[in-house]
Amino acid sequence: MSEVLITDHDAVRVLTLNRPQARNALSHDLIRALYAALKAADADEEVLAVVLTGTDPAFCAGVDLKEAARDGLKYFEEFRSQSCITAVREMRTPIIGAINGATFTGGLEIALGCDFLVASERAVFADTHARVGILPGGGMTARLPQVVGLSMARRMSMTGEVIDAARAERIGLVTEVVAHDRLLERALELAGAVAEVPGPTMLGLKEIYTEGAAAVIDPALAAEARIAYAQHREFGDLGDRFRAVSERNKSQIT
């Protein structure tokens, strides 16, 4: 079974995370497959927009707790060489997130790298890094405040509370909520409108938005990389931590 399903709709490419049995949690194989699919889409001149979604019931549950428990720090090293989280936010091609279900932790960091998000009524969001005993290292503290405001971002990260789709729209995390069975259709409509814009114009528009936000986002990304990595290197018992958390939070996170 392919970890990422790839389909083209004229000039729009749809990438679908496809580990439904694990709520599309970020296994080593999924990290690598999504990274490769994103890079390939960005290099393909025929692809003018990308839609990123997940196979139901989740968009992405974030950390694969079983692999993290087994591999400890080695699990996180995957994100330093083939980071699908970084690849999303570095896309030169416009990318729209079609959020079909649970979007937690690393899954939320992936979503935040998209240009904007459209959500199913079934979507829920949470930053559960603190709950699993780790610090964000994929841009959460850099990007979440940009879309929901600093106080709400801190609240989400510090409490780990789950935000439903309606509230996500109210706080600006998603731009629109639609019926679940219309999600992909609506995302393709929006991606089609994006694809109609001349390529050089869209490329310039993305560059302007990226450079405009860099003064705030780049220092936050640097702080995450420095502080989170330093702390995680001190966790000799990281595998044990994840095993304990996996059992305690199994119904919500796994």
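This note sets out numbered points on the sheets, helix packing, pockets and backbone of the predicted model above.

1. Basis of the note. The model is predicted, so local features need pLDDT of at least 70, side-chain atom pairs count only at pLDDT 80 or more, and totals for chains, interfaces and linings use all residues. Residues are numbered from 1 along each chain as its sequence is written, and side-chain values use heavy atoms, with hydrogens and water left out.

2. The six-stranded sheet. An open sheet is formed by six strands in the order β1-β2-β3-β5-β7-β10, with mixed pairing. Strands are DSSP runs of E with at least two residues, helices are runs of H or I with at least four residues, and both are numbered from the N terminus. Two strands pair if DSSP finds at least two bridges between them. At the edges stand β1 (4-9) and β10 (176-178), each of which pairs on one side only. From one strand to the next, the twist averages 20 degrees.

3. Strand β3 (residues 49-54) is paired with β5 in the parallel sense, over three bridges. Which residue of β5 is the bridge partner of Val 50? The partner is Ile 95.

4. Helix α1 on the sheet. α1 packs on this sheet and touches β1, β2 (12-17), β3 and β5. Contact means heavy atoms within 4.5 Å. The direction of α1 makes about 175 degrees with that of β2. Angles run from 0 to 180 degrees between N-to-C directions, and axes are lines fitted to C-alpha atoms, for helices over the stretch in contact.

5. Helices α1 and α3. Helix α1 (residues 28-43) packs with helix α3 (residues 73-81) at an angle of about 5 degrees, and their axes are 10 Å apart. The two helices α1 and α3 are therefore roughly parallel to each other. In this scheme, angles under 35 degrees count as roughly parallel, over 145 as roughly antiparallel, 65 to 115 as roughly perpendicular and the rest as oblique. From α1, the contact is made by His 28, Ile 31, Arg 32 and Tyr 35; from α3, by Lys 74, Tyr 75, Glu 78, Phe 79 and Ser 81. Among the residues of this contact, four are nonpolar, two polar and three charged. Here Ala, Val, Leu, Ile, Met, Phe, Trp, Tyr, Cys and Pro count as nonpolar, Asp, Glu, Lys and Arg as charged, and the others, Gly among them, as polar.

6. The four-stranded sheet. Another open sheet has four strands in the order β4-β6-β8-β9, again with mixed pairing. Its edge strands, β4 (58-60) and β9 (163-164), each pair on one side only. Strand β8 (residues 124-126) pairs with β9 in the antiparallel sense over two bridges, and in β9 the bridge partner of Val 124 is Asp 164.

7. The largest pocket. The volume of the largest pocket is about 920 Å³. On a 1 Å grid over the protein atoms alone, a pocket is an open set of points where a 1.4 Å probe fits, with protein on both sides within 12 Å along at least five of seven lines; lining residues have an atom within 4 Å of a point. Grid points are joined across faces, edges and corners, and a volume is the space filled by probe spheres set on the points. The lining has 34 residues, and those nearest the centre are Cys 114, Asp 115, Arg 143, Tyr 209 and Thr 210. Two or more lining residues come from each of β5 (95-99), α5 (106-112), β7 (116-120), α6 (140-148) and α10 (199-233). Which element gives the largest share? That element is α10, with 12 residues. By class, 21 lining residues are nonpolar, five polar and eight charged.

8. The second largest pocket. This pocket has a volume of about 490 Å³. It is lined by 25 residues, with Phe 76, Phe 79, Arg 80, Gly 137 and Gly 138 closest to its centre. The largest share of this lining, six residues, is from α10.

9. Backbone points. Most residues other than glycine have a negative phi, and most peptide bonds are trans. The peptide bond from Asp 56 to Pro 57 is cis, with omega near 20 degrees; Pro 57 lies in the loop between β3 and β4. Arg 23, although not a glycine, has a positive phi of about 55 degrees, and Arg 23 is found in the loop between β2 and α1.
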